[in-house]
Structure formats: structure tokens, C-alpha cells
Amino acid sequence: MHLSLEIFPPRDDAQQTRLNHCLQRLALLQPDYVSVTFGAGGSTLDRTRATVLALRQQYGLTAVPHISCMVESADCIDRMLDEYLQHGIKRLVVLRGDRPDEHVHHGPFQYAEDLVRYVQQRYGERFALEVGCYPELHPESTCVNTELKYLQRKIDAGACAAITQYFFNADAYFQLLDDCARAGIDVPITPGIMPITNYHQLARFSSMCGAEIPRWLGKRLQGFEDLQSLREFGAEFVCRLCERLLLGGAPGLHFYTLNRASATLDIINQLLPDRRRLVHSG
Ligand SMILES: Cc1cc2nc3c(=O)[nH]c(=O)nc-3n(C[C@H](O)[C@H](O)[C@H](O)COP(=O)(O)OP(=O)(O)OC[C@H]3O[C@@H](n4cnc5c(N)ncnc54)[C@H](O)[C@@H]3O)c2cc1C
């Protein structure tokens with residue numbers, strides 16, 4: 001089963017220390033790769049690059065950088081990808097990126113599709129390209145068919161796999177798989193998994209990215225008086241979600257770790273007995 005983990009580049013020394021500790025523990029899971037977000041949440045591109053290189057050099061992990069359209073020029077992409085190639089990076093997650101201002105973007109690439117096509121034309125088979133997709137629709141989308149058409153275009157432009165935005169409703173993922181099958185989209189679509197550790201943070205992220213917290217789940221999460229009980233409930237809920245997804249045909253799981261090891265380990269320890277031998281969530 002495919003297992004990948006996503007981290008974000010630290011913004012300061014305290015976050016760097018926390019990430020180091022997190023990676024020491026997550027490395028024991030032997031994930032297929034660890035992906036590093038690009039410019040998200042105000043992080044700088046230098047820190048994405050440094051984090052990508054450290055994953056390989058310090059932890060022996062396969063690093064997969066994210067890249068996005070939020071760059072000033074194609075030169076910026078070229079320099080970055082040339083360097084990644086020199087360091088043996090072979091896979092990228094290619095995104096449009098969250099626009100600082102919804103309406104204005106002056107760079108050379110408007111949509112992920114444009115960037116996928118550019119990287120594919122310039123680098124060919126040297127990078128395998130993955131893209132994002134949205135079981136509950138991207139927040140700017142109004143129509144499933146249009147969204148599927150754009151996903152198809154990203155694949156026609158050169159993407160070989162997709163990772164979903166997180167969701168808590170397994171049926172939305174299964175519906176996406178069915179819709180893709182009907183539309184002739186046959187690349188692996190790995191569900192993105194968000195551990196539940198903090199209701200207010202989750203509600204904030206979810207309202208930004210369009211992931212729905214089912215009403216009953218939101219009420220349950222708000223009802224916990226201590227964080228430990230919420231986390232235990234969250235790990236069990238997400239574990240059951242993962243089981244359903246895998247039984248229903250998901251090719252693997254991609255965890256949004258938020259640079260915290262315990263929440264991801266709590267789920268994987270319950271879910272994957274083979275990997276449980278290796279790690280204690282601590
Ligand atoms: C797995 C994953 C990882 C992520 N990592 C990062 C990250 O590292 N950094 C970051 O900033 N953000 C990241 N994001 C967030 C992502 O950048 C945002 O969701 C962004 O708003 C959309 O990115 P996209 O690549 O899906 O865009 P696109 O595929 O370009 O789609 C964006 C919107 O435009 C529409 N659209 C697409 N193509 C066209 C077209 N040709 N004409 C008209 N409309 C079109 C789509 O329907 C959609 O509504 C990630 C998301 C996912 C799912």
C-alpha cells in the first residue's frame with residue numbers, strides 16, 4: 001500500500017526543531033515519500049528547498065517537492081527544478097497554489113494545467129508529476145463536470161497521479177472515483193487524510209479549502225472538554241475512514257501531518273499492524 005506524508009517548511013528555528021523531532025519519528029514508518037508544500041502559509045521558497053534537501057540528506061527519505069504557479073517567472077521554476085534534478089528528485093506535486101489575492105496573478109502560469117504542461121515539455125520523463133483534486137469540489141468550482149474536465153486536462157498535460165484535498169465523507173471520494181472512471185480518467189487517486197487534533201483549527205482550514213465537516217462530527221468535536229479525549233476520538237474516526245477508503249479501492253493514503261508526528265502515528269498504529277511494530281506514538 002502506498003503511504004506518503006506531507007509536511008510544510010518551518011518558518012523559524014522553533015518550528016525547525018519541532019519538524020526535526022517529527023521527522024525522526026515519522027521516518028520509521030518508511031513512507032514511500034514525504035512531500036513538502038510550496039510557499040503555503042507564508043513560508044519562503046528557500047525554506048521549501050532546504051527542507052526538501054534535508055529530507056534526503058539527514059533522514060534518507062524520498063522527498064517530493066510541491067511547486068505552484070505562484071512564481072514570478074518560468075526562470076524561477078527552471079532554476080529550482082534543475083537543482084532538484086541534481087539532487088536526485090524524481091517526483092513533484094504540481095499545483096496552482098493559493099492566490100494571495102483571488103483575482104490577480106501576474107505570473108506566467110494561471111492554472112496547474114499550465115505548469116504541468118510546462119514541466120512536462122521541458123523535463124519530459126525526468127519528473128513524475130502529481131496533481132491535486134477535490135472530492136467535495138474546489139471552493140472556486142460550481143460544476144462537477146467542469147472540474148472533471150480540468151482534472152482530465154492536467155492528466156493530458158502530463159500528470160500521472162492525483163492526491164485529493166482532505167475530506168471526512170468517504171462517499172465523496174468513492175463518487176469521485178466513479179465519476180473519473182466514467183470520464184476515462186484512470187490515474188491513481190490517493191486520498192488526502194487530515195488527522196483530527198483541534199476543532200477550531202480544523203474548522204478554519206476546512207472553511208478555506210472547502211472540506212466539509214459533517215454536522216454530527218462538528219458537534220461531537222465541539223463537545224469534548226479535554227484535548228486528549230478529542231484526539232483519541234479523532235484518531236479512531238480517521239482510522240475507520242482510512243479502513244473504508246482502502247477497502248473501497250484507494251491505492252494508498254497521503255497524510256497531511258501538519259509537522260506533528262503523534263496524530264499521524266496514532267492513526268497508522270491502529271490501521272497498519274506491520275508498521276505498528278516500528279513506531280510508538282509516544
Ligand atoms: C494535495 C494538495 C497539495 C497542496 N499543496 C499546496 C502547496 O504546497 N502550496 C499551496 O499554495 N497550495 C497547495 N494546495 C492548495 C491548492 O494550491 C489550492 O487548492 C488551489 O486553490 C488550487 O490548486 P490546483 O492545483 O488544484 O488548481 P487548478 O487545477 O489550477 O484549479 C484551480 C481552480 O481553477 C479551475 N480551473 C482549472 N483549470 C482551469 C482552466 N484551464 N480554466 C478555468 N478554470 C480552471 C478549477 O476548476 C479550480 O476551481 C494543495 C492542494 C492539494 C489538494
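Two strands count as paired if DSSP finds at least two bridges between them. Keep that in mind as you tour this predicted model.

**Start with the whole chain.** Show the protein as a cartoon and you will find 11 helices and eight strands. Its radius of gyration is 18 Å, close to the 19 Å that the globule rule gives for 282 residues, so the protein is as compact as a globular protein of that length. The C-alpha trace spans about 50 × 45 × 35 Å along its principal axes.

**Now select the strands.** All eight close into a barrel, in the order E1-E2-E3-E4-E5-E6-E7-E8, with parallel pairing. From one strand to the next, the twist averages 30°.

**Next, pick residues 128-133.** This is strand E5, and five of its six residues are buried, so the strand is largely enclosed by the rest of the structure. On one side, select residues 91-95: this is strand E4, which pairs with E5 in the parallel sense over four bridges. Look there for Leu 92, whose bridge partner in E5 is Leu 129. Then select residues 161-166, strand E6, which also pairs with E5 in the parallel sense over four bridges. Here Cys 133 stands opposite Thr 164 in E6.

**Finish at E7 and E8.** Select residues 189-193 and 252-256: these two strands run parallel and are joined by two bridges. Which residue of E8 is the bridge partner of Ile 193? Click on Phe 255 to see that partner.

Key:
Residues numbered from 1 in each chain as written. Predicted model: local features only at pLDDT ≥ 70, side-chain atom pairs only at ≥ 80, totals over all residues. Axes fitted to C-alpha atoms, helices over the stretch in contact; angles between N-to-C directions. Rg over C-alpha atoms; globule rule 2.2 N^0.38 Å. Buried ≥ 20, exposed ≤ 12 C-beta atoms within 10 Å, placed from the backbone.
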